[in-house]
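Okay, everyone, thanks for coming. Let me put my structure up on the screen, and then we'll walk through a few parts of it together.

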Amino acid sequence: MLVVTLLGTGSPIPDPYRAGPATLIQGGKENYLVDAGRGVLMRLAAVGGSINTISAVLLTHLHSDHITDLNDIITSSWLLNRPGDQTQTKPLHVVGPPGTRKVITGIISSLSLDISYRMAHHDVLTGPPEINIIEIEDGAVNLGGQVRIRVAATDHRPVEPTIGFRFDYEKEAVVVAGDTVPCPGLDELCKGADALVHTAMRKDIIGNLPNQPMARDILSYHSSVEEASQTAARAEMDTLILTHYIPTFPPDGGDDWMKIAAQHFSGNIELGNDLHRVEIHRP
Ligand SMILES: [Zn+2]
């Protein structure tokens with residue numbers, strides 16, 4: 001069984017009810033965090049997790065809203081995973097597209113004063129944060145776990161490269177797409193998988209906002225609800241899980257999103273609030 005938890009379902013705009021994009025994928029004892037949007041560690045704490053319990057952080061792309069809290073993850077992992085601590089999982093594994101190393105190097109640089117303060121004050125801190133960075137555009141990611149992870153290119157141009165992840169564990173497989181339009185790389189990743197976690201945009205709403213030229217710009221590189229649903233349908237998947245709602249809907253909303261998705265995908269459709277949990281079983 002694989003378990004999907006939508007830790008953050010929000011858009012880039014701060015929302016009182018929704019954290020930024022982040023999804024937890026659990027298989028056996030392994031926990032993978034896909035993207036690190038605003039508030040991710042708070043949401044992880046809400047489901048009883050912490051950065052100590054995360055096997056690896058996986059980034060679909062390097063847009064700011066998907067990596068907002070990477071600095072929190074790096075610092076928390078450094079301070080909470082001390083040598084001798086039974087729960088230590090150091091170094092922190094971060095997998096992402098080329099450019100990930102540049103982003104992390106910049107974050108470490110911005111934290112350099114904090115790192116020096118803490119190292120001077122705590123003898124147990126003998127070095128800066130240790131991070132194992134894996135940059136990949138497609139192929140298998142080998143982290144030595146039981147969950148098999150595969151990467152393929154997605155299409156979020158002019159943001160490139162961008163990637164999606166497939167997790168295989170026991171009989172089940174789940175694909176997590178970041179921001180992308182429908183593309184062959186994502187279709188390939190979805191073949192034979194059970195569930196697709198896909199970001200989605202209501203282009204009918206965003207495209208009609210008055211005096212919002214930047215809003216109109218983003219139509220071209222996101223999947224609409226219709227397009228995300230059609231991607232799941234093409235691969236004959238059982239379950240579609242929508243997230244990263246642009247624009248967000250109220251906590252008791254989403255029926256209209258569900259109706260649109262159901263016109264294009266006949267399987268199980270899941271959407272909802274932060275911490276929405278979906279168990280993926282293959283009969
Ligand atoms: Zn993006």
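So, what covers the buried residues of α9? The cover includes α6 (184–190), β11 (195–201), β12 (239–246) and α10 (255–262). Keep in mind that this is a predicted model. Helix α9 itself takes in residues 225–234, and its buried residues are Val-225, Ala-228, Ser-229, Thr-231 and Ala-232. If you look down the axis of α9, those buried residues fall within an arc of 155°, so they line one face of the helix. And just after α9 there's Glu-236, which takes a positive phi of about 50°.

Let's zoom in on one pair. β3 (residues 30–34) and β4 (residues 56–58) run in the parallel sense, with three bridges between them. Tyr-32, for example, has Ala-56 in β4 as its bridge partner.

Okay, zooming back out. Overall, the chain has ten helices and 14 strands. Its radius of gyration is 18 Å, close to the 19 Å the globule rule gives for 283 residues, so the chain is as compact as a globular protein of that length. And of those 283 residues, 44% count as buried.

Technical notes
Residues are numbered from 1 along each chain as its sequence is written. This is a predicted model: local features need pLDDT of at least 70, side-chain atom pairs count only at pLDDT 80 or more; totals for chains, interfaces and linings use all residues. Helices (H or I, at least four residues) and strands (E, at least two) are DSSP runs, numbered from the N terminus. The radius of gyration is taken over C-alpha atoms; the globule rule is 2.2 Å times the number of residues to the power 0.38. A residue is buried if 20 or more other C-beta atoms lie within 10 Å of its own, exposed if 12 or fewer, and partly exposed in between; C-beta atoms are placed from the backbone. The arc is that of the directions from the helix axis to the C-beta atoms. Two residues are in contact if their C-beta atoms, placed from the backbone, lie within 7 Å. Two strands pair if DSSP finds at least two bridges between them.
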